[in-house]
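Hi everyone, thanks for coming. Let me put the sequence and the model up, and then we'll walk through a few spots together.

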Amino acid sequence: MSLWKKTALELSNLIKSKEIKPSEVVQSFIERKRQVEPKIQAYVTDLEEFAIQMAKKLDEEITKLEKIPDLFGIPIAIKDNISTKGIRTTCSSKMLENFVPIYDATVIERLKEQGYVITGKTNLDEFAMGSSTENSAFFTTKNPWDLERVPGGSSGGSAAIVAAAAVPLSLGSDTGGSIRQPAAFCGIVGLKPTYGRVSRYGLVAFASSLDQIGPFSRTVEDAALIMNVIAGKDNRDSTSKDVPVPNYLEEIKKDVKGLKIGLPKEFFTDDLDPQIKDTVLNAVKQLEKEGMSVEEISLPHAKYAIETYYIIAPAEASSNLARFDGVRYGYRTKDYSDLEEMYSKTRNEGFGSEVKRRIMIGTYVLSSGYYDAYYLKAQKVRTLIYQDYVKAFEKVDVIISPTTPDVAFKIGEKSSDPIQMYLSDIFTVSANIATVPAISIPCGFKDNLPVGMQITGKPFDEATILRVAYRYQNIYRFYEKIPME
Amino acid sequence: MESMVMLEKEFDVVIGLETHVQMNTNTKMFCGCKVEFGAPPNTNVCPVCLAHPGTLPVINKKAVEYAVKAALALNCKIHNLSIMARKNYFYPDLPKGYQISQYDKPLATDGYVEIKVGDSFKKIRIHRLHIEEDAGKTIHEGSYSYVDLNRAGTPLMEIVTEPDISSPEEARKYLEKLRNIMRYIGVSEADMEKGQLRCDVNISLKPKGSDKLGTKVELKNINSFRFIVKAIEYEIERQSKLLKKGEKIIQETRLFDPESGKTYTMRTKEEAHDYRYFPDPDLLPIVLKDQDIENIKKSLPELPDQKYHRYVETLNLPPYDAEVLTSDKNLAIYFEQVISIFPQNPKIVSNWILNELLGKLNDKGIDIENSPITPQSFAELISLIVDGTISGKIAKEVFDIAFETGKSPKQIVEEKGLKQISNEDEIRNIVKSVLEKHPAEVEKYKSGNEKILGFLVGQVMKETKGKANPQLVNKILREELA
């Protein structure tokens, strides 16, 4: 069996027992990548040569190591909004097309300590604003299951490259569904940890109070494997929390018997696509057979999540993106006669239309005279949504819903209608608003396209949602089917 | 300023001050970069204060502690919960495109400072004190502009008064007091020339006695105590002239130009920024428990006002002496070191510091902490005077020598043989010989001209090169002339 078909955990064990060398692993994935990448275009920066050199170094290093870390020699792709020292980090924006960071994100430092192999920087919607990668300033990534369809977004590149098995693991970021929605569209596992679980230091900020880094993988155990490394308090991120990190690989093996599943009635309405509904509910039935109980719950304010999100996120973005002013780094317009013109031309030429739209919305809702009506009100609704989850979790252990209202859409299908695009986040944004962890795992197909099931958990209880997901994976071995084989 | 006095009779002047005080923490507000004045441009910078994509601020706990100290020293109410907020605007020396500051939930509010106006004290209320970060510096040279971000992220306190100040003089006194307090508690050097203390002035006029406030004008860019007074004086004159002509004051921000001593329009209200403040999502609220505040309160040193009252009430110093001695932390330290060695007579110590030492230091441009006469030597000098070893006159000579050479007063007296003559017989002999030499003056004295005694004392002092004990000389002269 080709190495590239193996999971990160399998590869890790083979490397640890010295049955295979990091360079063999990397070589196998590079060959697979060469097959699929020209078709899916997941990478903004393909680091093939760098990865080969890195792997060679690791081959030597391993002979000197007493204890081999879990991710030693494991190829991992990184979303191109995570800062990598010495490696171009573009955010798929013209603004940062040639920007090379001088420091590593905390997650990158932690992966480096493990001896991971970076394979490339993956495509995204510009500054993570979008649900399809169509907002990338460079190109649109394709869905490996159907090259005419989007991989989802914003972490579309990271999702597509894992789905195509050109790398076993990747990192993405999730502000309103940017990990879970592409995971659902590409038929893989995508986890958005609790806000504060993984350091944001080095993640180029979109909406600071919602952003969270998380992994993509083909199996649940691989998500657990990398979470063991990236989760935990970081002194450079004041919003990261000092909550003990369990060993997720151990946690997922625990029994699910007696756990309670909540199905929010607001998410299973008559408007929901019947095939999506049936697929998810069928998966829930399978879990019931494993000894879990099911009950209906209510998240009464979840219906305001999209509106709340589209006030808070742009507000924060409008401020976060102010630093891209052409003064210190990044794109600067060629011709200008004064400071004002330098600013406006730089930002007009450097940002794409979706980014500008959100900066304008954000600027508007923070303006004096509108602040109370929009931003402050949205914060109040945010509290209500959070309280909905708190109440729900008094009754149940996890909440299950579809990840998305439908399967991957066609390239160009929604790009002219921002509202339609925004609505594809309808089931995912609530978790960001409420800061709770949520995972998307495949639970079936509709028209030969993957359907995702979202399992949401209590704050800092990634262990339980991973455990339920792992149990389901043992019933429906979704990772066995690989597209473009 | 004749016109000034006249104009002030017709109008009440209403002034509020917004002061920025740079805290002297080792590192910046949100990163580990050094806070340093005068370093080569862009050397004290890192990804965080350069606002590189993805970086996050981490609050400097020392800066919070310093701000709490300052707020307590300004008699403020410290809030258990305060929030850092983003103030959004574009400027090349503002790397993030926003300044992290505080807005509707500041660290502290409702304080006051007392200043001395005439013989009484006046309370200047503090509206609020909040924490924020400094911007960098933009330097314009020819057609180029350069940005230096060394200062970007330096911890600042913004201290805002209520409009309780009613003259340029009061404004100056308030600022001096503020600077003094900051130095006493050690949170800032508060040196205006180094930009460690910067002040914006809000000023309006209203007809004398009216309770309706006039339109206010903000004055910016004033970087010395002298210019504060000048800028306010100019603005009072400008506004009152307009008002007398029946014209309206425009609400605006004006810049003070030190060259011309005038103020100029910088921007009007219509052009004012909308800063779009909102809580910074990268930072948690600052939570201070009562116990934390109490602990910081306990660590505060004696403040200038407390010292002042102690000097007046316990040391029995005149109010003027107490005011001068406490107006500079290092001067008060010097004074207290001297009286800790020589506690018998604080008043004479104060006299000598105020009358001799300060003048001399001032002439030479030396700070008190670098005084060539150490507090030990100073105490020694005073004790030599008090125990009669040297006369006051000789003491001045000793003082001068000690100031020049740094030698101890005892050593100087020893070396130069300046010890006071207090032997009655010895003095009597000299007195007798003086009286013999000046029979005419003796006659005049005896015929009732007592003023001539001074001349005779002078002659005795001259004979003894000033070393004779003046009291004894007086006594013996009278005895011999009787």
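Helices here are DSSP runs of H or I with at least four residues, strands are runs of E with at least two, and both are numbered from the N terminus. This is a predicted model, where local features need pLDDT of at least 70, side-chain atom pairs count only at pLDDT 80 or more, and totals for chains, interfaces and linings use all residues. Residues are numbered from 1 along each chain as its sequence is written, chains are lettered from A and ligands numbered from 1 in written order, and side-chain values use heavy atoms, leaving out hydrogens and water.

Let's start with A:Tyr389, which sits in helix H13 (residues 372-395) of chain A. Is A:Tyr389 buried or exposed? A:Tyr389 is buried, at a relative accessible area of 3%, where buried means under 20% and exposed over 50%, partly exposed in between, with a 1.4 Å probe and protein chains only. Leaving aside residues up to four places away in sequence, A:Tyr389 touches several residues, among them A:Phe267, A:Leu299, A:Ile399 and A:Thr456; contact means heavy atoms within 4.5 Å.

Now over to chain B. Helix H7 (residues 319-326) of chain B packs against helix H9 (residues 346-364) of chain B at about 60°, with the axes 11 Å apart. That angle makes H7(B) oblique to H9(B), the class left over once under 35 degrees is roughly parallel, over 145 roughly antiparallel and 65 to 115 roughly perpendicular. On the H7(B) side, the contact includes B:Tyr320 and B:Leu325, and on the H9(B) side, B:Ile353 and B:Leu358.

Definitions and conventions:
Axes fitted to C-alpha atoms, helices over the stretch in contact; angles between N-to-C directions.
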